[in-house]
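Welcome, and please open your viewer. We will walk through one model together, selecting one piece at a time.

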Amino acid sequence: MSDLDGKRILLIIGGGIAAYKGLELIRALRKKNASVRCIMTRAAGEFVTPLSVASLSGDKVYSDLFSLTDEAEMGHIELSRDADLLVVAPATANLIAKMAHGEADDLASTALLATDKRVLIAPAMNVRMWLHAATQRNMAQLKEDGILSVGPDEGEMACGEFGPGRMAEPSEIVVAIENALKGATVLPFPGAQVAGGVARLEPPRPLAGRHVLITAGPTHEPIDPVRYIANRSSGKQGYALAAAALAAGARVTLVSGPVGIEPPEGVAVVPVETAIEMQAAAEKALPADIAIFAAAVADWRVAEAGQHKLKKTGEGAPAMQLVENPDILAGISRRKEKRPELVVGFAAETQDVIANAKAKLDRKGCDLIIANDVSAAGGVMGGEDNTVHVVGHGGVETWKTMKKADVAARLIALFAQRLKPRHG
Ligand code: C5P
């Protein structure tokens, strides 16, 4: 399976002689099982026909910002958010200038401004235009904004001159696309680096020097040596958060109940079984700047677990006294000392998701609740995707359905923003 299998690329074709290579790029991407949706600028239509682009991409071509039918089918915001990556090839001097200045006067530039996804550009222009101080200044700005780039290459150009300005070959652009897609597809922070002409993901580290504590997975509350009470929890969302916090530069302590997945390398894992053990490990891990409680802690434990396996006696089921487990999240939220600056809880609900989450926010004393609907229809439990509502004291934000890794990257970016900046 290729790295591009099932990936959605929004290809923006600018108006330059290299636009014909855009066709080759579409073919190469489709061959690797990526889906390609195309926007053409008006000038691109002078070099390639929308019909050839549409037939190669197998989709209609979008070109007019004010087309009411297009907006009804898929608005420019949806268009740019529905993709895993935006690719601009060829990126003309004009498109680069618009991007650098945040201009949005046609569909291509509007989609580029509206997106929250990574953007990779393949510049192509006359050598003098490329070397012009204005283009170089615009490129420096794009680099600072986290835009990735590939090329331009050196060589003889269509205009007869020689030097840098030729668009990178489609095969080079495909490699750059594969590199760009290796991280989370949603851009967590502006500022990815471009080095050596080929895209490399080096996101900034807004949590450098910070400690993030995460609880994840279920707890197992023993009934006897072979039986236990537990909640359903794969641990995937908590582990994805640990990976995202690590990528953002944090030191991460992951207090984990029993799960069947591997922790991200570089995270300090504290394996636990029961709620009491989870509480002790979480408390011991303090101080932390951010504490995220993603574990599905069993609400009750058996007052006195059997020392030996309970046997069927033929006299009916054994009586079992349950006692309440400590609320780890509430305990840490309400600490006078060593309370993390940001305390985040999760709420897995099957009905009245937001109302229940708001009530939980107050009851637990935390700063945010990330609520999700885990009713069977949603397939959140153990699945790859998640739809979350971010419930804070200031209001509720509902996010569209995303991969758990993307949800994690966005949440970590949000949490990082909520921390008071450190001086010095
Ligand atoms: O009350 P409820 O279990 O729905 O609350 C869910 C949130 O509280 C989650 O963030 C969970 O990790 C946390 N929790 C906890 N300790 C408990 C129960 C829940 O930390 N005993």
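Two strands count as paired if DSSP finds at least two bridges between them. Helices (H or I, at least four residues) and strands (E, at least two) are DSSP runs, numbered from the N terminus. The model is predicted, so local features need pLDDT of at least 70 and side-chain atom pairs count only at pLDDT 80 or more, while totals for chains, interfaces and linings use all residues. Residues are numbered from 1 along each chain as its sequence is written, and side-chain values use heavy atoms, with hydrogens and water left out.

**Stop 1: a sheet of mixed pairing**

Select the 8 strands that form an open sheet in the order E15-E14-E11-E16-E19-E20-E22-E23. Their pairing is mixed. In general, strands of a sheet pair through backbone hydrogen bonds, either parallel or antiparallel.

Which strands stand at the edges? They are E15 (268-271) and E23 (395-398); each has a single partner strand, so one side of each is left without a neighbour in the sheet. From one strand to the next, the twist averages 15°. (Axes are lines fitted to C-alpha atoms, for helices over the stretch in contact, and angles run from 0 to 180 degrees between N-to-C directions.)

Now zoom in on E14 (residues 251-256), which runs parallel to E15 and is joined to E15 by 4 bridges. Leu254 has Val269 in E15 as its bridge partner.

**Stop 2: the parallel sheet**

Next, select the 6 strands of another open sheet, in the order E3-E2-E1-E4-E5-E6, where the pairing is parallel. Its edges are E3 (61-62) and E6 (148-149); because each has a single partner strand, one side of each is left without a neighbour in the sheet.

Strand E2 (residues 35-40) is joined to E3 by 2 bridges. Look for Ile39, whose bridge partner in E3 is Tyr62. Helix H2 (residues 50-57) packs on this sheet and touches E1 (8-13), E2 and E3; contact means heavy atoms within 4.5 Å. The direction of H2 makes about 165° with that of E2.

**Stop 3**

To see the contact, show Leu23, Ile26, Arg27 and Arg30 of H1 with Ser52, Val53, Leu56 and Ser57 of H2.

**Stop 4: backbone details**

Find Asn33 in the loop between H1 and E2. Asn33 has a positive phi of about 70°, although it is not a glycine.

Then pick Ala89 and Pro90, joined by a cis peptide bond with omega about -5°. Pro90 sits in strand E4 (residues 85-91). Another cis peptide bond links Leu286 and Pro287, with omega about 5°. Pro287 is in the loop between H11 (275-285) and E16 (290-293).

**Stop 5: the ligand**

Finally, select the ligand. Which residues surround it? Among them are Phe293, Ala295, Val297, Pro326, Asp327, Leu329, Lys360 and Lys364.

Turn to the backbone N or O atoms here: one of Phe293 lies 2.6 Å from a ligand oxygen atom, and one of Leu329 lies 2.9 Å from a ligand oxygen atom. One of Pro326 lies 2.8 Å from a ligand nitrogen atom. Taken alone, the ligand exposes 450 Å², and the protein buries 85% of that (areas come from the Shrake-Rupley method with a 1.4 Å probe; for residues, only the protein chains shown count as cover).

Technical notes:
A residue is near a molecule or strand if one of its heavy atoms lies within 4 Å of it. A polar contact is a pair of N or O atoms within 3.5 Å; within protein, one must be able to donate a hydrogen and the other to accept it, and residues adjacent in sequence count only if both atoms are side-chain atoms.
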